[in-house]
Amino acid sequence: MVQGFSREPGTHGPLTEVAPEGIRRITLWAAAIALGGFLFGFDTGVVSGALLYIKEDFDLNSFEQGSVVSVLLIGAVVGATSAGRLADRLGRRKALRLIGVVFVVGTAIAALANGYLTLMAGRIVLGLSVGAASATVPVYLSEISPTKIRGRLLTMNQLMITIGILVAYLVNLAFASSEAWRAMFAVGAIPALLMIAATLWLLPESPQWLIAHGQEDVARRGIAELTDEATADELIRRGRQRMAEDREKQRRNEAAGGKGTRRLLAPDVRPALVVGLTLAAVQQFAGINTIIYYAPTIIQQTGLDASNAILYSVFIGLINLVMTLVAIRLVDRVGRRPMVLVSLALMTVSIFMLGLAFVVGMNSELTLVFMVIYIAAFAGGLGPVFWTLIGEIFPPSVRAEGSSLSTAVNWVSNFVVSLAFLPLANLIGQGETFWIFAGICLFAFLFVGRYLPETRGRDPEQIEEALDARFKHRPDHPDRPGGPGKTASPQKGRSR
């Protein structure tokens, strides 16, 4: 908490490890917080099966089908861009509670919709909640996470997203025989209510938010329950010192004309902003949600009927979940950077081959193999690690705003891709559309290779210096994580 607990004393990191019992408590809190990610995943996945029956009930054309999927993303952009201010004003816990309430309302509207326009309204409200959740959850997780397991807890957001997608596919399968798409949507109210309950009776407020709002005694008590009084006092002191330094930086930038979100354009933050926004865009323009949203539709086009298409989509969701679990095991061992590079390399090859399968008319089984490899590559790297990175790369003073803006760009990109996919596939061909995604994956591979440093085990100041070094074409020395003029013990396993 308060930027985590490091393995060694010094001026750049908190003080000590958390006891196993404390780790278990923090992990439970993280799982409850990540229910926001579950809602994100559930609402992403459930529409894929429901759409097969909605289009018949409401007689939707291809544009209207795409809009039912993508209109949620308009709400998500609004929710994501407002989430930073909301979480800073109300606190992380109250913001998450409000998000749950909005999700319940949106679910009710969508499940009871009597026509296309009402359904669209419900999807927009749902978008507000999932967008706000996707921006709030990484910040909240980052601020309760000890350094040693920070990557693991931040990837829990993606784990819950993938569990949400899998559960949505299973719900679709359960109601497929009755074609009860309203029930598919309605099930989403259950995790939303659980998240609301967790914010009322289980979750603590972020210590960083408490310190920033003059509630140091509350923060101290919470930290002391996990460590001891001396550690709590030291962490509070360091948190206060870091915030004072951030305020001084902010004051200097405001004097130079950088106020509010314009603080993100300050020279010391700009590299993080470029990396965050670029990764946010390419994560979607790489094509992942065309498969998540339209998996049954794509599979139908290989010659299978609707029920079999939904069944195969469950298998895809299971692969997505398993590989996310693998990523969670590796992210604090292997590091963020190598996982993203390997992921993007495999994604480039597999989605190119998926496009080729459609162009030359390969059989259904081979097409599904390429689709599964692509999903596995995404879920084992870029998918979860993106959410880890946006919780790490921004300085604490602008973390909520940086995460919020990155998430908004992610949702805008999601919107563009999901709305354009079917019309573009109809215009130039499905295989050729997948080739466009392959080109974007290749660009992302080259960008990450040049500009993304390793963040594993590094404090915010060290991450800032590593980003600055890469953007100024200087070597980022993994054996000197503190940067020039600072001392820090070597840490094994860091990659450049």
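Q: Is Phe352 buried or partly exposed?
A: Phe352 counts as partly exposed, because its relative accessibility is 39%. Buried means under 20% relative accessible area, exposed over 50%, and partly exposed in between, with a 1.4 Å probe and protein chains only.

Q: What kind of model is this?
A: A predicted one: local features need pLDDT of at least 70, side-chain atom pairs count only at pLDDT 80 or more, and totals for chains, interfaces and linings use all residues. Residues are numbered from 1 along each chain as its sequence is written, and side-chain values use heavy atoms, with hydrogens and water left out.

Q: And Trp435, how accessible is that one?
A: Trp435 has 31% relative accessibility, so it counts as partly exposed.

Q: How do the rings of Phe352 and Trp435 sit?
A: They're stacked, because the centres are 5.5 Å apart and the planes at 20°. Rings of Phe, Tyr and Trp (its six-membered ring) pair if their centres lie within 6.5 Å; planes under 30 degrees apart count as stacked, over 60 as edge-to-face and the rest as tilted.

Q: Which helices are they in?
A: Phe352 is in helix α15 (residues 336-360) and Trp435 in helix α19 (residues 430-451), so the pair ties together parts 83 residues apart in sequence. Helices are DSSP runs (H or I, at least four residues), numbered from the N terminus.

Q: New topic: how many aromatic pairs in total?
A: Eleven. One of them is Phe38 with Phe42, stacked because the centres are 6.4 Å apart and the planes at 15°.

Q: Where do Phe38 and Phe42 lie?
A: Both are in helix α2 (residues 35-57), four residues apart, about one turn of the helix.

Definitions and conventions. Helix = DSSP H or I, 4+ residues; strand = E, 2+ residues; numbered from the N terminus.
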